[in-house]
Amino acid sequence: MLEEHVSSPRDLSLLCQCLAHRAGGVRVRHLSLPEEAIWPGVAQCALQSGTAALLYARLAQADLLRMLPPQTVQTLQQAYLETAAHNVRLWHWLRRVLQALAAANIPTVLLKGAHLAWFVYPNPGWRPMVDLDLLVHPADLGRLKDVLAALSIHPLPDYYQQVEQPMRHVSYATSRGVLFEFHTALLNPGWPVRFDGAALWAAARVVERDGIAVQVLAPEHLLLHLCAHLFAHRSLGSLLGICDIAEVIHHHGAALDWEALVRQSVDWGLERCTGLTLQVANALLAVPVPPEVLARLHPDGAPDDAVVTVITGLARPDDTWRFEPVTQLWSKRTPVQRIRALLRAMFAPRRELAYTYHVPAGSPRILLYYPVRWVTRLGKALPLLWAMAQRDPHIEQRVAQQNRWSQLRAYLFRLA
């Protein structure tokens, strides 16, 4: 957890300038930068952020590959080829699953990377994926097992606990490790966000690829989901997530209904994170968001350094967020707020422990897992605690950044 990250703000700045390039758009060929000194760091930043394949494509579009050190070109090209090959494999499995679910009359909607890679980005090799996310109706969760078993796709061990006390998704995998996640909602029920499931399904659109008809979210709903997802996780944001948002806006262009997006972001309690996300996308990638939309969604009361906090986190991804209860002990919160945060972490809801330890939430045995959780988390946090005790300035900086992020996230989702 305490490893150094080589990316710098200068690396992120040049990376974003390159990612913002598109045919007929932003030009980056006249940047006066020392090539040998800057490009390896930019490539490392791209690898860390999951944008290496996209960077390779943008540089090829701008005819800039010849300006890079050969080793950097090779690194980026390998990322692109690996992403393309992996996504071909994923599409093979996704086609089979979509056909089987259609035959069983189980409606699905593609989410996130599965939607973006094949139906938004010009080339699926530009957008890496870890798993395949699909939205299904809650009533259909129990029907998935038999349908997918015929394809040798089986539930992961926590499936039964999740069905017994439904979470927002259940996970399946092939024997070769292709992972599917079937969601019943776009965010966990605990979030104070009011996604209207009926509206999502009613507005879903049918698109086609290789003879397969697929349902996807309406563009406005896709943007709202991506904005919420960017901040819903405790990690310091995602440059790839910002690129996704930029690509959606460029792909749909004038067809985007900005008025509907503003209205629904307010109705669903997402106006704060939507407004901030669009500000960041506009600042980093010159995404063409109408000024009146930015003005109407401007998050009133947001911290003055909100955009800087997000951008700084994009350049330096790490896992300090895993120790949020510990880092908050060094935050600017009041002592009472710090104690409450620590107690919430120590006495997590039974449902969370059931998901983590594969124990039914109603079982008395689950109480035994609270001390297990405490010991496990304390053991993992010891290196951070030791570094903080030693007043390591690098660690103190990361902890301060994480605390700013936690406070910003609490503001955006009204968690405070």
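Predicted model: local features only at pLDDT ≥ 70, side-chain atom pairs only at ≥ 80, totals over all residues.
Student: Why is Trp91 called buried?
Tutor: Buried means under 20% relative accessible area. Trp91 has 8%, so Trp91 is buried.

Student: And what makes Phe119 buried or exposed?
Tutor: Run the test again with the relative accessible area of Phe119, which is 13%. That is under 20%, so Phe119 is buried.

Student: Why are the rings of Trp91 and Phe119 called an edge-to-face pair?
Tutor: There are two checks. Rings pair if their centres lie within 6.5 Å, and planes over 60 degrees apart count as edge-to-face. Here the centres are 6.5 Å apart and the planes are at 70°, so the pair is edge-to-face.

Student: What does that pair tie together?
Tutor: Trp91 lies in helix α4 (residues 70-103) and Phe119 in helix α5 (residues 112-119), so the pair ties together parts that are 28 residues apart in sequence. Trp91 and Phe119 also form one aromatic cluster with Trp118.

Student: How do you know that Arg209 lies over the face of Trp91?
Tutor: The CZ atom of an Arg has to be within 6 Å of the ring centre and within 35 degrees of the ring normal. Arg209 is at 5.9 Å from the ring centre of Trp91, and is listed as lying over its face.

Student: How many aromatic pairs does the structure hold?
Tutor: It holds 6. One of them joins Tyr56 and Tyr80, with ring centres 5.5 Å apart and planes at 25°. Planes under 30 degrees apart count as stacked, so Tyr56 and Tyr80 are a stacked pair.

Student: Where do Tyr56 and Tyr80 lie?
Tutor: Tyr56 is in helix α3 and Tyr80 in helix α4, so this pair ties together parts that are 24 residues apart in sequence. Both Tyr56 and Tyr80 are buried.

Student: What makes α3 "mostly covered"?
Tutor: Of its 10 residues, 8 are buried. Among them are Ala52, Leu55, Tyr56 and Arg58. Just after α3, Asp63 takes a positive phi of about 55°.

Student: How do α1 and α3 meet?
Tutor: The axes of helix α1 (residues 9-20) and helix α3 (residues 52-61) come within 8 Å and cross at roughly 65°. The crossing is left-handed. On the α1 side the contact is made by Leu15, Cys18 and Leu19, and on the α3 side by Leu54, Leu55, Arg58 and Leu59.

Student: Over to helix α19 (residues 393-412), where Trp405 is found. Why does Trp405 count as buried?
Tutor: Its relative accessibility is 1%, and the cut-off is under 20%, so Trp405 counts as buried. Thr309, in helix α14 (residues 306-315), counts as buried too, at 3%.

Student: Which residues is Thr309 in contact with, leaving aside its neighbours within four places in sequence?
Tutor: Those are Gln401, Arg404, Trp405 and Leu408. Contact means heavy atoms within 4.5 Å.

Note on methods
Residues numbered from 1 in each chain as written. Heavy atoms only, no water. Axes fitted to C-alpha atoms, helices over the stretch in contact; angles between N-to-C directions. Helix = DSSP H or I, 4+ residues; strand = E, 2+ residues; numbered from the N terminus. Left-handed = near helix turned anticlockwise from the far one by under 90°. Buried < 20%, exposed > 50% of the residue type's maximum accessible area, 1.4 Å probe, protein only.
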